Amino acid sequence: MHRARARVRLRVGSRPRSLSRARTRIGAGVLGTALAGALLAAVPGGVPRTPAPAARAIQWGACPEKPVPAGMRCGTLTVPLDYEAKGQSRDQSQGQDQSQGTGTVGIAVARLPATGPAGKRIGSLVLNFGGPGAPGVSALAADPNAFAELNKRYDLVVFDPRGVGHSAPVTCGGEVREAGEAPDGPAAQLAALRAVAKRCALDSGPVLPYVGTVSVARDMDLLRQALGEDKLDFLGFSYGTRLGAVYAALFPRRTGRMALDGVDTLTEPLGEQALLSAVGQQRALDGFLVWCAHRQGCVYGTNTRTAKEKVQALVTRLDATPLTGEGGLRFTGQDVAESIGAALYSPKAWPDLADALALVERSGDPVGLMQLGGPDETPPPSPPPSASPPPSASPRDEPEAAAVPADNATAALVAVNCADDPDRGDAKASPVAVARELAELQPVFLAASPIFGPRQLMTVLACYGRPAGTDFIRTIDRPAGIPRILLVGTRGDPATPYEWTEETAKRLGNTVIVDYKGDGHTGYVSSRCVQGYVDHFLIDGRLPSGTRSCPAEE
């Protein structure tokens with residue numbers, strides 16, 4: 001395994017969801033498809049050298065997106081476009097608040113006030129649900145009840161990171177290409193990468209070079225100031241754990257109570273992330289097939305070894321002869337892999353996955369799998385039945401939300417991941433050389449997972465030939481003054497393997513791990529045990545030393 005990972009580094013050298021509803025918004029940060037690679041917007045990241053300007057107060061008002069929970073208020077935080085630009089403090093103080101061409105970016109922010117007695121309010125808790133590329137405002141608006149216990153003591157605060165949602169969204173033309181439309185062959189893929197990268201730069205405007213996690217972490221410190229908090233209390237999921245770790249490394253003495261669930265890597269290049277993700281997805285699929293084998297009517301029977309072979313055969317068969325689904329869309333074996341991968345995010349989706357596989361195997365009908373979708377294509381969850389506009393807002397007073405480009409999630413995913421990664425291949429390498437490298441890597445990815453490996457392999461091209469990103473994240477090593485941080489790792493996580501929790505614990509230094517023995521991506525929304533550890537820590541500050549364990553829950 002270690003040898004395989006070294007080959008990814010040496011050869012191509014590129015660095016790569018809800019409690020019923022909320023989990024759909026907790027996403028992984030690894031590029032897993034050729035489509036994501038084609039929507040490349042690679043940019044250099046910066047290591048902070050200049051002090052940030054003082055934050056301006058947020059003017060809270062009605063939320064542009066509808067519906068929202070009663071009491072939720074929204075606003076805009078103005079932050080520097082480039083923290084390293086000379087005179088940025090002066091620009092900030094003069095109140096320039098346009099995101100295009102004036103040196104600042106407007107960050108969409110929302111706050112849900114604490115519901116408990118005023119005298120027991122702790123302060124503000126900032127949340128990030130994952131991504132990169134996932135908006136925070138609409139996610140909290142969709143299902144605030146997932147964090148009701150925390151909301152009794154905290155104001156819940158979320159934001160759309162720069163380049164995402166309503167914070168100067170990046171785009172590569174506004175259209176999402178179907179996976180089956182990805183060009184065949186390295187030459188065509190590289191040409192598509194270059195063409196789309198130019199379109200990303202043209203359509204995204206000045207924000208594109210500054211969307212990396214280091215800049216977002218600095219935005220988060222200005223948010224802390226604007227909220228009037230001495231320290232940042234933070235709960236991050238998936239990519240949000242990378243964001244939290246970077247914040248803690250940049251501002252250890254401004255870090256308050258921090259819990260990170262579904263821990264992302266701080267060290268792996270994108271290609272190695274993709275390889276380990278294939279391993280994690282295969283591990284999660286094996287767990288699903290064991291569960292299915294004990295379920296009456298499982299289409300693959302009770303033999304888990306032959307079940308894996310049958311799933312692989314389905315992928316191979318549909319790659320050779322795709323099915324036709326709803327609307328005449330072609331449904332390939334790689335689409336099967338993507339749909340299975342999406343369902344593995346939550347064990348609550350496993351019954352639907354079992355039914356969908358039975359339908360396609362017995363009737364040749366892919367509709368069930370198509371409805372499962374992919375992690376980056378999950379539609380926003382429906383709002384809770386109780387959601388309603390704040391009592392103080394009337395329809396005529398409410399601002400209209402500007403449309404977010406259809407490709408924003410994918411464009412931001414690639415842009416941020418490439419901005420966070422310093423490794424690049426040879427920009428002048430010929431398509432023949434690239435094809436040779438991919439051919440040499442293919443057996444490694446197939447060995448990791450014959451089902452998910454081929455799709456993950458294309459991640460090695462995601463940032464190919466583009467400007468290197470920051471090396472700051474790679475250099476995080478036990479920051480001085482960092483407070484104790486709670487990390488949650490899930491053994492059956494298909495997106496962020498448990499190994500990354502252990503790795504990040506070593507890199508941060510002062511941590512406590514909750515080892516959740518269950519399945520799915522992240523543990524907070526799946527396990528009462530995990531939720532108990534997280535809530536007690538964030539509310540009471542109680543955090544035992546060493547590693548704690550939580551059993552799998554049905």
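Two strands are taken to pair if DSSP finds at least two bridges between them. With that in mind, I turn to the structure shown above, which is a predicted model.

Let me begin with the protein overall. Its secondary structure comprises 18 helices and 11 strands. Of its 554 residues, 58% count as buried. The accessible surface amounts to about 21200 Å², and carbon and sulfur atoms account for 51% of that.

I now come to the sheet. Nine strands form an open sheet with mixed pairing, and their order is β1-β2-β4-β3-β5-β6-β9-β10-β11. Which strands stand at the edges? They are β1, residues 73–80, and β11, residues 548–550. Each has a single partner strand, and therefore one side of each is left without a neighbour in the sheet. On average, neighbouring strands here are turned by 20° against each other, direction ignored.

Within this sheet, I would draw your attention to one pair. Strand β3, residues 123–128, and strand β4, residues 154–159, run in the parallel sense and are joined over four bridges. In this pair, Gly-123 stands opposite Tyr-154 of β4.

Two helices that pack on the sheet deserve mention. Helix α17, residues 498–508, touches β9 (485–492) and β10 (511–519), and its direction makes about 160° with that of β9. Helix α18, residues 528–540, also packs on the sheet. Which strands does helix α18 touch? The contacts are with β3, β4, β5 (232–237), β6 (255–261), β9, β10 and β11. The direction of α18 makes about 170° with that of β6.

Definitions and conventions
Residues numbered from 1 in each chain as written. Predicted model: local features only at pLDDT ≥ 70, side-chain atom pairs only at ≥ 80, totals over all residues. Heavy atoms only, no water. Axes fitted to C-alpha atoms, helices over the stretch in contact; angles between N-to-C directions. Contact = heavy atoms within 4.5 Å. Buried < 20%, exposed > 50% of the residue type's maximum accessible area, 1.4 Å probe, protein only. Areas by Shrake-Rupley, 256 points an atom, 1.4 Å probe, with all protein chains shown as cover.
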